[in-house]
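I opened this notebook to record what I looked up in one protein structure. The entries are kept in the order in which I made them.

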Amino acid sequence: SGDMSETPLLSVIVPTRKRNRQLGECLCSLAEQDYPRPHWEVIVVFDGEDLQPDAEISAAAGRMTVTIVTQPHAGCGMARNTGASRARGRFLVFTDDDCRFPPDWLSRYAQAFALDGESLIAGRSVNALRANPYSQTTQDIVDYLQSRASAPVAVSNNFAVPAEGFHDIGGFHQRYYRRPPAAEDRDFSARWISAGRRIVDAPGIVVYHAHALGLRSFLRQHYNYGRGAYVLHRTPAQSAPGPGRQPAGFYLSLLLWPFSPHRGSRSAWLWPFILGSQCAQVAGYVCEWFRGA
């Protein structure tokens with residue numbers, strides 16, 4: 001591991017579905033990266049739609065090396081696998097179409113891999129829509145998961161992995177085929193660790209996540225998280241606590257987390273939203289259980 005004598009090629013993989021505006025803004029942000037232009041590429045995977053790039057997408061794509069791929073609708077996890085199959089890079093960098101990036105985002109990944117070229121590097125996301133309580137609650141729950149999980153967890157909008165290792169464990173699992181984004185990243189993290197590999201937490205590698213949510217989309221997203229959690233927990237590899245399954249106390253602590261002293265008063269007002277999210281997740285979990293029973 002470590003000490004790469006040459007600048008590695010990084011492949012940034014962006015799945016997208018019917019969100020041209022967000023994708024255009026994402027690509028414009030990527031085009032501002034300070035990492036040497038010949039040493040990275042972008043692969044955009046349109047999941048289940050005809051390719052109709054607008055002017056902003058085309059203009060941004062013209063400023064860097066971009067490969068555009070289409071696939072029949074199969075879900076985010078399968079779109080990431082499709083992108084990985086087309087990637088030329090030694091390392092795969094995963095993000096979402098509603099993320100924005102500091103100019104040194106890719107440089108930081110390259111520095112991390114220079115120190116450890118075998119591990120998965122897990123960055124962090126920051127909610128870019130602080131005034132939106134639904135978006136902020138969702139980000140707080142992700143932060144809680146990452147801070148309290150019994151093993152590190154890679155969140156799919158900001159992590160990077162050696163391409164060889166990604167392919168060795170089979171990428172994102174087929175069990176999430178055509179499912180809404182839910183738990184495929186937690187599943188991948190668990191399988192990565194089960195294969196004897198390491199996840200390195202890198203909180204300094206940040207993306208700004210601009211996922212606008214309203215009440216209905218917030219509840220639907222957390223309902224889908226519950227569905228994904230059931231799929232995750234029913235697999236034999238998740239029989240013990242780890243990046244996939246968490247003990248019951250983990251979720252009780254989540255409900256009390258906004259009131260913890262180090263959080264300050266600014267988070268207490270989010271408690272009703274956290275409660276609503278957990279009710280929606282329980283509903284999704286139970287409904288998926290009935291479907292599988």
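The entries below go from the whole chain to single elements and residues.

**Entry 1. Basis**

I note that this is a predicted model, in which local features need pLDDT of at least 70 and side-chain atom pairs count only at pLDDT 80 or more, while totals for chains, interfaces and linings use all residues. Residues are numbered from 1 along each chain as its sequence is written, and side-chain values use heavy atoms, with hydrogens and water left out.

**Entry 2. The whole protein**

I looked up the secondary structure and found 10 helices and eight strands. Helices (H or I, at least four residues) and strands (E, at least two) are DSSP runs, numbered from the N terminus.

I then looked up burial. Of the 293 residues, 55% are buried; buried means under 20% relative accessible area, exposed over 50%, and partly exposed in between, with a 1.4 Å probe and protein chains only. The accessible surface comes to about 12800 Å², computed by the Shrake-Rupley method with a 1.4 Å probe. Carbon and sulfur atoms hold 55% of that surface.

For contacts (heavy atoms within 4.5 Å), I considered pairs at least 6 apart in sequence, and 81% of them join residues at least 24 apart.

**Entry 3. The sheet**

In what order do the strands of the open sheet lie? I read S3-S2-S1-S4-S7-S6-S8-S5, eight strands with mixed pairing. Two strands pair if DSSP finds at least two bridges between them. The edge strands are S3 (66–71) and S5 (99–100), each of which pairs on one side only.

**Entry 4. Strand S6**

I next examined S6 (residues 120–127), where seven of the eight residues are buried. S6 pairs with S8 in the parallel sense over seven bridges, and Ala122 stands opposite Asp201 in S8. S6 is also joined by two bridges to S7 (residues 158–162), and these two strands run antiparallel. Ile121 has Ala160 in S7 as its bridge partner.

**Entry 5. Nonpolar cores**

A nonpolar core is a set of buried Ala, Val, Leu, Ile, Met, Phe, Trp, Tyr and Cys residues joined through side-chain atoms within 4.5 Å. The largest has 31 residues, and those with the most contacts inside it are Leu27, Leu30, Val42 and Trp105. Elements that give two or more residues to this core include S1 (10–16), H1 (20–30), S2 (40–47) and H4 (105–115). H4 supplies the largest share, six residues.

A second, separate core of 23 residues includes Ile13, Ile43, Ala84 and Ala163.

**Entry 6. Helix H7**

Why is H7 (residues 184–194) described as largely enclosed by the rest of the structure? The reason is that nine of its 11 residues are buried. Among them are Glu184, Asp185, Arg186, Asp187 and Trp192. After H7 comes Gly196, whose phi is positive, near 85 degrees.

**Entry 7. Single residues**

Is Ser135 buried or exposed? Ser135 counts as buried because its relative accessibility is 5%. Ser135 lies in H5 (residues 133–148), and its side chain reaches the backbone nitrogen of Leu213 at 3.5 Å. Beyond residues up to four places away in sequence, Ser135 touches Asn127, Leu129, His211, Ala212 and Leu213.

Lys18 is in the loop between S1 and H1. Lys18 is exposed, with a relative accessible area of 59%, and has a positive phi of about 55 degrees although it is not a glycine.

Trp289 belongs to H10 (residues 271–292) and is partly exposed, at a relative accessible area of 43%. I also looked up Trp289 and Tyr230, which are 59 residues apart in sequence and 6.8 Å apart in space, C-alpha to C-alpha.

How values were computed. Polar contact = N/O pair within 3.5 Å; in protein donor to acceptor, adjacent residues only side chain to side chain.
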